[in-house]
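Colleague: I would like to learn how to read domain contacts, chain interfaces and a few local features. Could you take me through them one by one?

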Amino acid sequence: MADKLKETMPSNDVNGTPKPSSPNADTAEQITMLWEYSPAPESSEHISISDKYHHFIGGEWVHPEKGRYMTTINPATENKLAEFAEGTSEDVKRAVKVARKAYEKSWSNLSGKERGKYIFRLARMIQEKARELAIIESMDGGKPIRESRDVDVPLAAAHFFYYAGWADKLGYAFPGRKADPLGVCGQIIPWNFPLLMLAWKIAPALATGNTVVLKPAETTPLTALKFAEICMDAGLPDGVVNIVTGAGQTGAAIVNHPDVDKIAFTGSTEIGKIIQKSIAGTGKKFTLELGGKGPLIIFEDAPIDQAVEGIINAIFFNQGHVCCAGSRLLVQEGISEKLIKKLKDRMETLIIGDPLDKNTDIGAINSRSQYERIMKYLETGKNEGAEMYQTSGSLPENGYFCRPTLFTGVSQSNRIVQEEIFGPVLTIQTFRTPDEAIEKANNTPYGLASGIWTDKGSKIFKTGQKIRSGVMWANTYNKFDPTAPFGGYKESGLGREGGLHGLYPYVNLTPV
Amino acid sequence: MSVQIQPDFSYTIPIDTVGVEERVSRLNKRSIKKESKLLALKLALSMIDHTTLEGKDSEGKIIQLCNKARIPYAPLPDLPPLAAVCVYPTMVATAKKALLGTSIKTASVATAFPSGMAHLSIKLADTKFAVEQGADEIDMVISRGEFLKGNYNFIYDEIAAVKEACGRAHLKVILETGELETLENVRKASDIAMHAGADFIKTSTGKVSPAATQPVTLVMLEAIRDFYNETGQMVGMKPAGGIRKAKEALQYLVLVKETLGDAWLTPDYFRFGASSLTNDLLMQIVKQLTGVYQGIHYFSND
């Protein structure tokens, strides 16, 4: 076609010679080809990832004391991305010592306005490097670039902007009381939203005058290390932010370090309980943001096509690796058949594949171990007698990919209904009356988030009051904003992050 | 023979506007590149109802329009022709003659277009005249005043009567969504039109603002999908008015692909009612083939 065009369009006469005006309907090419989207991968060529990363302590890269390193891979290709230091208690000691010194010598002595300037700078630099951060987030964690580009990175920047604004206004946040920083905060973040969780933790800590020792998850350390580079470039005083990488033992070393004043943890309920036990009686403050098994309540008067879209966002966002994912669908009996049919049709249009492709809806499962855990749950579900439905499309050969999955014919007592799977797996139950929906929604150990779909505003509030969860979204799901507090009831956690409430865990309040 | 039971049109299907807009904006993020883009541009070109609906239309202008529809861009003779030429009833004979021997359809607006403010007998006469003149397709308007009164049976009966008057000609029913205002009304009007026998449902006359929008189109596509699932009948869709850029056209194609599927991605089931879109598509096609943009002056304004 292109050659033919060149023949008919000589360069010195771009408009070509006029064609005879005979009808060309017979010769015109017929479009019979199926229209498919061509691959649209985001280029990773300009991304710089070092072969080896050390700890970031006191404003510089520090070799781990024991000299041990771990490897992080791209879960979509299983290729190695980089090595990073495995932190030991010696490394943690060093980091906490530096953080303490920075707290006493520089950071806590700065005025709120000065601290705010640094945090604003961090926020702007995240925006400037948004593209690079998004691509690395997708490479390291397997999430679709559409999400890391449109959700993770912009929200991370928004959190820094928001808390930067509070830094010099703490007197207004707590009228009549003086807000003093705590000291050194130990922060342990998960692998599902690495940079965003870092922002949730670091931004309020810095705004209130604390210093930080943060450990990213062992499968996704890269954006935290990139953030360390940003801290250096921003000229943040040395030791205010320290990043120690490693796995569970490194985290335990942070939790158990006697000179840490506060622990902020986001992760599994299992680890949350261990942390709570180990810091009992130490006087350390803590916030825990743990698991969830969010119910989605669809009433029969709901706008059904938009409810389907909401369900898709609730459970398939980030491959279901979302603590507040809506993983239990409760649908009113009268519309269940229609809704499930529509949901299945919609699921067929989800594009699964290369996380870096701009058209990908579902990326890779974060790690082999998580992949195996999800597969085990699929087996459990089938063994429990539930009916499994998965989409039909093909999966990439390499990497850890899981088809979007539905389970029907489940009961409240099934493990797949009670336990957090943390994958693209939705269970479907029906209900007949609002009371039954509320009872089923509340009948798990979790209480992080929930969703309700109905055309009737009063029903939203009436039902919402009785659902025990930290967040309830109405006619939408998975909407986040730095100004809104987030946290759980029951085994979903303690304390709130985000908004004005998110300042409390980082300050000591005394009457003026 | 199966007896089709009419739904109760006084029942309103709830639609959440925020949710619809969110879905549209997510679909707009689809990245269409390279071969996929070229194919989509050509596909869009082949779906255009090339339209002139002005009081000053002349035979000469209609003939020019038909020539453009046959050969959209002479330097690229292999491009597909446009789908149809859409004119007023009095211009149908001219268009029909100019399009003789081609696959391009002659479409005519009828039923006291664009307001529809006439008695049914006049609307039927208008339709029959256009069909007698040789129209392959009739674009009718619904009586929005009666619809907004809640007189849904009136709308249904009127569409059914016009459908009968069309005979073998295809019927496109213009809802004039800009005057219906809410998405719930759009959905209801779509359902009435399809149950009354529409072959296509169409957003707008192009004489009222806003004309076609993507949220409105998405709601209509969802109505078509639900109608297909209920009855097994495929109804076509035609957004009309306000679509001027190739990029928007591709966004509409994405909406169709991901709502109705590939079966609807043909001129038999999807059309663009537009006039200035043709040249933008042509410019983009030439850009895809040569790597450089041509000046607008190289493309004929017909």
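The dialogue below goes through the domains, the chain interface, an aromatic pair and some backbone features.

Modeller: One caution to begin with: this is a predicted model.

Colleague: Into which domains is chain A divided?

Modeller: Chain A has domain 1, covering 52-290, and domain 2, covering 294-481. Taken over C-alpha atoms, the centres of domain 1 and domain 2 of chain A are separated by 30 Å.

Colleague: How do I read the size of an interface?

Modeller: Interface size is often given as the accessible area that is lost when the parts come together. For domain 1 and domain 2 of chain A, the buried area is about 2300 Å², and carbon and sulfur atoms give 59% of that area. In residues, 27 from domain 1 of chain A are in contact with 30 from domain 2 of chain A.

Colleague: Which side chains meet in a salt bridge there, and how many salt bridges are counted between the two domains?

Modeller: The count between domain 1 and domain 2 of chain A is 1 salt bridge. Glu78(A) and Arg368(A) meet in a salt bridge, at 3.8 Å from N to O. A salt bridge requires the nitrogen and oxygen within 4 Å, so the 3.8 Å of this pair meets the cut-off. Across the same interface of domain 1 and domain 2 of chain A, 10 residue pairs are in polar contact.

Colleague: Which elements give two or more residues to the domain 1 side?

Modeller: On the side of domain 1 of chain A that touches domain 2, those elements are α4 (130-141) and α5 (145-166) of chain A. The most comes from α5(A), with 6 residues. By class, this side of domain 1 of chain A has 13 nonpolar, 8 polar and 6 charged residues.

Colleague: Now the chain interface. What is the area buried between chain A and chain B?

Modeller: The buried area between chain A and chain B is about 4600 Å², with 54% given by carbon and sulfur atoms. Chain A puts 51 residues into the contact and chain B puts in 52 residues.

Colleague: How many salt bridges and polar contacts are counted between chain A and chain B?

Modeller: The count between chain A and chain B is 8 salt bridges. A salt bridge also joins Lys29(B) to Asp150(A), where the closest N and O atoms are 3.0 Å apart. Between chain A and chain B, 18 residue pairs are in polar contact. On the chain A side, α1 (2-8), α5, α11 (304-316) and α12 (333-348) each supply at least two residues. Of the elements, α11(A) gives the most to that side, with 5 residues. The residues of chain A that touch chain B divide into 20 nonpolar, 13 polar and 18 charged.

Colleague: And how should I read an aromatic pair?

Modeller: A pair of aromatic rings is described by the distance of the centres and the angle of the planes. The whole structure has 26 aromatic pairs over all chains. For Tyr252(B) and Phe272(B), the ring centres are 6.1 Å apart and the planes stand at 90°, so this pair is edge-to-face. Tyr252(B) lies in helix α11 (residues 246-259) of chain B and Phe272(B) in strand β8 (residues 272-274), so the pair ties together parts 20 residues apart in sequence.

Colleague: Which peptide bonds in chain B are cis?

Modeller: The bond from Phe113(B) to Pro114(B) is cis, with omega near 0°, and Pro114(B) is in the loop between β3 (105-109) and α5 (120-132) of chain B. The bond from Ser209(B) to Pro210(B) is also cis. Pro210(B) is in the loop between β6 (200-202) and α10 (214-231) of chain B.

Notes
Residues numbered from 1 in each chain as written. Chains lettered and ligands numbered in written order. Predicted model: local features only at pLDDT ≥ 70, side-chain atom pairs only at ≥ 80, totals over all residues. Heavy atoms only, no water. Domains from an automatic or database assignment. Contact = heavy atoms within 4.5 Å. Buried area = accessible area lost by both parts, 1.4 Å probe. Polar contact = N/O pair within 3.5 Å; in protein donor to acceptor, adjacent residues only side chain to side chain. Helix = DSSP H or I, 4+ residues; strand = E, 2+ residues; numbered from the N terminus. Nonpolar A, V, L, I, M, F, W, Y, C, P; charged D, E, K, R; others polar. Phe/Tyr/Trp six-rings, centres within 6.5 Å; stacked < 30°, edge-to-face > 60°.
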